[in-house]
Amino acid sequence: MLVAGGCGMIGSRLVRALGERGHEVVLATRGGSGNGVGLDFAHMPSQAELVRALRGIDVVINAVGIFRASGKQSFDALHVKSPACLLEAARAAGVRRFVQLSALGADAASSIAYFASKGDMDARVLASTSPMGIVVRPSLVFDPRGASTRWFAMLAVLPVTPLPGGGRQPVQPVHVEDLAEVVVRLAEAGTAGTCLDAVGPRALRLRDYLQHFKQWLNAGGLFVTVPTWLANVAAGVATWLPQAPLDRDALRMLEQGNVAAADAMVQWRGAALRDPADFTKDASGLRTTAWLDWLLPTMRITVAAMWIVTALVSLWGYPREASLALLARTGLQGEWATTALWSAALLDLVLGLAVLRPRWRTLVYLFQGIVVATYTLIITAWLPEQWLHPYGPVLKNVPLLAMIACLWALDRGHGPDPR
């Protein structure tokens, strides 16, 4: 069986489930390493190359998907045009089944681009009898590594958890393990034209789902209702943020609801589905990840703000004469003192702004640590009484250095994935 998108959340679990059932799995990835096939949905090979790659493949499973379009990774390219080329090549290569991983709510006529693109490809797959077309439309998927699960877990551990529209939206989460089992069974024995709504055993309100997370993660805190109009404003702002988990379309999909009958899922699995109340029995590490998912960006922002505000205060907030008097005690006077004051302030400003650039962070943390340590040594040598100041302006450098070290370690990938 060939799996496209086998490195994603659902695809990776699907690859493992296929292996456990004794199937030989070929991964279609950009690099095509190992026994895989090189296949980039953003830059598809020729049809002849695709057909050659699919010779001898019995089943093709398309698990490629994006939640937000960007650049060449458009919904039309990744959800429609490229999968359609793959479907046509599968027909020419004699592939027996083509399984499409879609989304509950997919509809070619939808005003939501994500749903419209998925629905367009679904229609093409369901119309195919050679290869036999099968569509699986998952609802909200629970996976401790998944973006949506981590988002909900992060919301749950916040001191105040916001609920758009009061959290009345219906959801019917399905565990990724159940989903993978069912997709494997469909790939093995599904019939042409099968379209399965892959949902969990029961529907519940978004508020109740988040309450489960609070219980799983042993998190307290309060719920607060956010008016729908305000949630839409926040979602609009989030659209401009890199890797933001929420945008207006996501909010619209949530408002639309995500529920369906679970009978077919139970039938295909051959057993009861995992209940949402039991999802995190095997989700070790989710609590730590949930805390880091909001504490880490908060630490980044506060550290950046500290450097930026320090620069502004040094130049225009704190009395210039007082700053020059302190510098005089270190041996700097006149133009040298003024130059040192401006240079230090501009350095602080650069170090603060640079933290906001992901590619520069780890290097910036090292420079910040060196600068803080240098400032501390200079003050210790020439202004030692500052260590006894009741407000602790120098003593606070000690926990600041610890925070910078923590940020450096986490942003380098040490410990739980901070993303």
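**Figure 1. Salt bridges in the predicted model.** A search of the whole structure of this predicted model finds 23 salt bridges, a salt bridge being a side-chain nitrogen of Lys or Arg within 4 Å of a carboxyl oxygen of Asp or Glu. Residues are numbered from 1 along each chain as its sequence is written, and side-chain values use heavy atoms, with hydrogens and water left out. Because the model is predicted, local features need pLDDT of at least 70 and side-chain atom pairs count only at pLDDT 80 or more, while totals for chains, interfaces and linings use all residues.

**Figure 2. The salt bridge between R21 and E188.** The closest N and O atoms of R21 and E188 are 2.6 Å apart. R21 lies in the loop between α1 (9-20) and β2 (26-29), and E188 belongs to helix α6 (residues 176-189), so the pair ties together parts that are 167 residues apart in sequence. Helices (H or I, at least four residues) and strands (E, at least two) are DSSP runs, numbered from the N terminus. R21 is partly exposed, with a relative accessible area of 46%, and E188 is partly exposed at 25%. Buried means under 20% relative accessible area, exposed over 50%, and partly exposed in between (1.4 Å probe, protein chains only).

**Figure 3. The salt bridge between D58 and R96.** Here the closest N and O atoms are 2.6 Å apart. The pair links distant parts of the chain, 38 residues apart: D58 is in the loop between α2 (47-54) and β4 (59-62), and R96 is in the loop between α3 (75-93) and β5 (97-101). D58 is partly exposed, with a relative accessible area of 35%; R96 is also partly exposed, with a value of 35%.

**Figure 4. The salt bridge between D178 and R269.** In this pair the closest N and O atoms are 3.2 Å apart. D178 in helix α6 and R269 in helix α10 (residues 263-269) are 91 residues apart, and the pair links distant parts of the chain. D178 counts as buried, at 0% relative accessibility. R269 is buried, with a relative accessible area of 14%.

**Figure 5. The aromatic pair F213 and W216.** A search of the whole structure finds 14 aromatic pairs. The ring centres of F213 and W216 are 4.7 Å apart and the planes stand at 65°, so the pair is edge-to-face. Rings of Phe, Tyr and Trp (its six-membered ring) pair if their centres lie within 6.5 Å; planes under 30 degrees apart count as stacked, over 60 as edge-to-face and the rest as tilted. F213 and W216 are three residues apart in helix α7 (residues 206-216), and are therefore separated by about one helical turn. Both residues, F213 and W216, are buried. Ring pairs also link F213 and W216 with F142, F152, Y209 and F279 into a cluster.

**Figure 6. Charged ends over aromatic rings.** The charged end of K214 sits over the ring of F223, 5.3 Å from its centre. The charged end of R357 sits over the ring of W360, 5.3 Å from its centre. A charge sits over a ring if NZ of Lys or CZ of Arg is within 6 Å of the ring centre and within 35 degrees of the ring normal.
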